[in-house]
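Hi,

Here is the structure I promised to pass on. My notes follow below it.

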Amino acid sequence: MANRPLDGKVALVAGATRGAGRGIACMLGAAGAVVYCTGRSGAGQASPMNRPETIEETAALVGEHGGEGVAVRTDHIREEEVAALIARIDAERGRLDILVNDIWGGDPMIDWSAKFWQLDIAKVRALVEQAIFSHLITAKHAAPLMLRQGAGLIVEVSDGHQDGYRGQLLYDLVKSTVNRLGYAMAWDLHGTGVTALALCPGFLRSEAMLAHFGVSEANWRDAVAKDPFFAESETPCFVGRAVAALAADPEVHRQAGRVLFAADLAEAYGFTDIDGRRPAFHPMFERVTAKLAEREGDLALDQRFLLLARYMQVHREPAQAGQARRLAARLGLADLGPGLGPSEAGVAPP
């Protein structure tokens, strides 16, 4: 981004400690923005996720990418801390152009095998506060600075646009609600010059994911042998470049209320990941599950898992009715009724 289209702009990345938040902060800095990097994991403050990354490291990386990074340790479920953060940004910069809500930290709280009646309600309450209320609190206090200048962008970082089930109630509740926040805020902001939307990465090659596979960024392809989908994984900077492209687009208001994928924006805006690739995890997932659905014979447990995941994604989308019917037949799903069955083309789900 040699032309630095975000020179003079001020960004706040809430949840910038690691993963997508860190990549977004770095790429906003590379585009010229001053980036306030916030989160709970600061110098001398242990990460609740037992990870070593800190917001100070992220701020330094923003500087290495050519921007100005400012680390401010903030617990975004504490409204008084968020209010103080926004007051500081206003006092120091006099403006706020971009807010990215990437607060999550929920991986240790999600038990993918648990049905809703088996959930730990204390963890449910904690994650709803941490990954939903924190977004609303931060947007509530940040929006007035944008409204004052009649321009700005609020990005809710989420996971998938489909209206179907994500496979675990708590995870589904959080991610679908984050999408809804972007949509509802877009309506409230209509006509103000401020845009709200949701944005999703694909298979994120985060620090935690690299550690999970026992690889580094330098040799990440070694993990493809363990998980073929990892071949279409992306660095956190890919979604970061998507945010920077949106923030630099004078027509970004046309995206208000949408749930967008970084890979789709890469095609539209013409950017790549930092390794020059243009990862496309979701098309790969669609191709693999479509081929599996056509195979004869019994399904292995992992194959059934993939097909069921794809069915739950798309069964409420009328445009995907044919695919959903094929998946349901292959899985032996019967008597689902209109709520869980494939939505017919031209017929909205209940």
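Cys 237 counts as buried, at 10% relative accessibility. Buried means under 20% relative accessible area, exposed over 50%, and partly exposed in between (1.4 Å probe, protein chains only). This is a predicted model: local features need pLDDT of at least 70, side-chain atom pairs count only at pLDDT 80 or more, and totals for chains, interfaces and linings use all residues. Residues are numbered from 1 along each chain as its sequence is written, and side-chain values use heavy atoms, with hydrogens and water left out.

How many disulfides are there? The count is 0, taking a disulfide as a pair of cysteine sulfur atoms within 2.5 Å. Cys 26 is in no disulfide; its nearest cysteine sulfur belongs to Cys 237, 5.7 Å away. That is too far for a bond. Cys 26 is buried, at 4% relative accessible area.

**Surface patch**

Phe 116, Trp 117, Tyr 165, Leu 169 and Leu 173 form a nonpolar patch on the surface. Together they have about 530 Å² of accessible area (Shrake-Rupley method, 1.4 Å probe; for residues, only the protein chains shown count as cover). Nonpolar side chains (Val, Leu, Ile, Met, Phe, Trp, Tyr) are joined within 5 Å, like charges within 9 Å. Leu 173 is partly exposed, at 34%.

**A positive phi**

Asp 335 has a phi near 55 degrees, a positive value in a residue other than glycine. Most residues other than glycine have a negative phi. Asp 335 is exposed, with a relative accessible area of 82%.

Best wishes

Technical notes:
Patch = residues over 30% accessible without salt bridge, like charges linked within 9 Å, V, L, I, M, F, W, Y side chains within 5 Å. Salt bridge = Lys/Arg side-chain N within 4 Å of Asp/Glu carboxyl O.
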